[in-house]
Amino acid sequence: MSFQVALRKELLEQWRTTRLLIVVVVFLALGLSSPLLARLTPELMKLVPGGEAFVPLIPAPTAADAVAQYVKNLSQFGVVLALLMAMGALALEKDKGTLALIVVKPMPRGAIVAAKFAALATSFAIATALAAAAGYYYTWVLFGSVEVAGWALLNVLLWLFFLVYTAVTLLASAITRSQVAAGGLGFAAVVTLSVAGSLPRVGEYFPGQLLVWGATRMTGSEVRSWPALVVSVAIVLGSLVLASVALQHQEL
Amino acid sequence: MAELKPWLPLLFPLLILELGLLIFALRDLRLRERTRGSKWMWAIIILFVSLLGPVLYLTLGREE
Amino acid sequence: MPAIRVEGLRKSFGRALALDGLTFSVPEGSVFGFLGPNGAGKTTTIRILTGLARATTGRAWIAGKQVVSPGAQDLARIIGYLPEEPAFYPWMTPVDYLDYVGRIFGQSATGRRERVAELLKLVELIEVQARRIGGLSRGMRQRLGLAQALMNRPQVLFLDEPVSALDPAGRRDVLAMIDRLRGQCTVFMSTHILADVERVCDTVGIISRGRLLVEANQEELLARYATPAFALESDPATAGLLPSWVEGLRACSWVASVGVEGTLVRVVASDTDVARRELLPSALRAGLVLTRFETLRPSLEDVFLRIVGERGEKE
């Protein structure tokens, strides 16, 4: 009950502060530009003085290049957006004092954390779905048909990847009292996760592997990484629980 | 530029999105009384950092 | 059962002690003025009572239920809280915010609509009800703060310096609104401004350096601590006679102190009854021609300064 009330407010906030619009526009733009960029790379090379000589050296772009571009662009911007949208979520409310006015009312602090996460997850879901549709259409037009089920799986995994960073940044926002500190802490967590994800052997257990799973599914040699999936879900749930506990113990 | 001509119908929606976001951010910057950091700095970031510039302003720069 | 009971509340921030064994109780239905200089511990007390902050030691009860932090849900249902500078979501309108608060309290759609309309009328925000809160003035936000604190018809209402940030007109309006709450709920209002307390509060607690100095009914407090004073003004023609008369007056046993400013004499009596009988005849006997003779109504300010000053000196 309290969760629904809080979620309604958070979704309304995503809408009224144009945050939903921002993620949607950025993701849509990336969904369109990734296949285009893959297809146009040779043409763009010709525009660069002296670039013409390299054109024969570049293999003709394929749908796989479009997918690789899509995964790279969306994952990078997605992480940045997760950081930007979640860092202030709790820290700013503590700093400004809006949270104090709400928690003296019958609204459990855990419900607030859960609602903030759910609202951000919803925004990312809508944006990812639209980017997927746009990316699918452009890849189909430029390179021919793409396997729908694989494309859907790739995008669900991308979404989960964003949620990991959203939850971790939300935890940073719960611990700190300023948006800047939360951003710094969140950024440190992002760097830690990506460094750990690139280590041999250990890396297979980190969220970055979700992208490998999705991308390899599209190229035919699917590498299913269940451990990474389990770890990602665990990071999300663990961060949310810790954020609630942290908020519970703070004087607001 | 002739090479890009056949792709214009596909480039057009992308252009609309990017330009729309840019104009939206600039309009918000112009109408806003207070921003975090100077307005000039944000104008430059919005105009010259493609896609990310408007996003940075809209998420970090706006102040009531 | 008192509306609020506080026993030996202590709160330290590092080595600094904000509350030092605070004890008091607030009778149900009263408008309680929690009075003290800045930094006395008023805000800390309210934050502990609302469950926002934790007491280092000591206990408190509201309507018989013990206060904990983070605040318990059943207590949260019966209290209202207005911080010194209430902060709202700038993207909401006053109606949105009050509706959100109503939803938190689980009120029905019709119940919310009626209560929101009622409160917007009470705090005179009808004209701006559909405007973004981000564009409202400070006084309007303060009034919205009062409205959100009343949304659940609280039994106990906490107001932290509700009018100190407002201009004289805004101050008058908000004080009038608080005055109208009398009888509907217990109001616990902190302030450092004596005139506000004098206007609306029936009971007063004076806090200084984290301790309660005095707690009493307002009239009782005035009767107990206020020293009556008399003001006399001499005609300039007889002003020359003043110094010797004042000299003689200071020697009288019923006089506590005498102050002179030009032709104006202020006499503080230690025995009011004798002063009432003796002061005027004494002035006439001295040959003074008076243009004014007045018994000064004791003010809470005199009491406050005396109490805080007295206790301060002892420490």
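Covering here rests on contact, meaning heavy atoms within 4.5 Å. Helices (H or I, at least four residues) and strands (E, at least two) are DSSP runs, numbered from the N terminus. This is a predicted model, in which local features need pLDDT of at least 70 and side-chain atom pairs count only at pLDDT 80 or more, while totals for chains, interfaces and linings use all residues. Residues are numbered from 1 along each chain as its sequence is written, chains are lettered from A and ligands numbered from 1 in the order in which they are written, and side-chain values use heavy atoms, with hydrogens and water left out.

Buried means under 20% relative accessible area, exposed over 50%, and partly exposed in between (1.4 Å probe, protein chains only).

Helix α1(B) also packs against helices of chain A. With α2(A), residues 19–47, α1(B) makes an angle of about 140°, and the axes are 10 Å apart. Axes are lines fitted to C-alpha atoms, for helices over the stretch in contact, and angles run from 0 to 180 degrees between N-to-C directions. The two helices are therefore oblique to each other. Angles under 35 degrees count as roughly parallel, over 145 as roughly antiparallel, 65 to 115 as roughly perpendicular and the rest as oblique. In this contact, residues of α2(A), among them A:Val25, A:Leu32 and A:Leu40, meet residues of α1(B) that include B:Leu10, B:Leu17 and B:Leu21. By class, the contact of α2(A) with α1(B) has 13 nonpolar residues, one polar and no charged. Ala, Val, Leu, Ile, Met, Phe, Trp, Tyr, Cys and Pro count as nonpolar, Asp, Glu, Lys and Arg as charged, and the others, Gly among them, as polar.

Helix α6(A), residues 109–143, packs with α1(B) at an angle of about 160°, and their axes are 12 Å apart. That makes α6(A) roughly antiparallel to α1(B). Here A:Tyr138, A:Val141 and A:Leu142 meet B:Pro9, B:Leu10 and B:Pro13.

Elsewhere in chain A, A:Thr166 sits in helix α7, residues 148–175. A:Thr166 counts as buried because its relative accessibility is 0%. Apart from neighbours within four places in sequence, A:Thr166 is in contact with A:Ala82, A:Ala86, A:Phe117, A:Leu120 and A:Phe124.

Chain C has eleven helices and 14 strands. Its C-alpha atoms fill a box of roughly 75 × 45 × 35 Å along the principal axes. Of the 315 residues in chain C, 50% are buried. Among contacts in chain C with a separation of 6 or more, 67% come from residues 24 or more positions apart. One residue of this chain, C:Val68, lies in the loop between β5 (65–66) and α2 (73–76). C:Val68 is partly exposed, with a relative accessible area of 43%. C:Val68 and C:Ile48 are 20 residues apart in sequence, and their C-alpha atoms are 8.1 Å apart in space.
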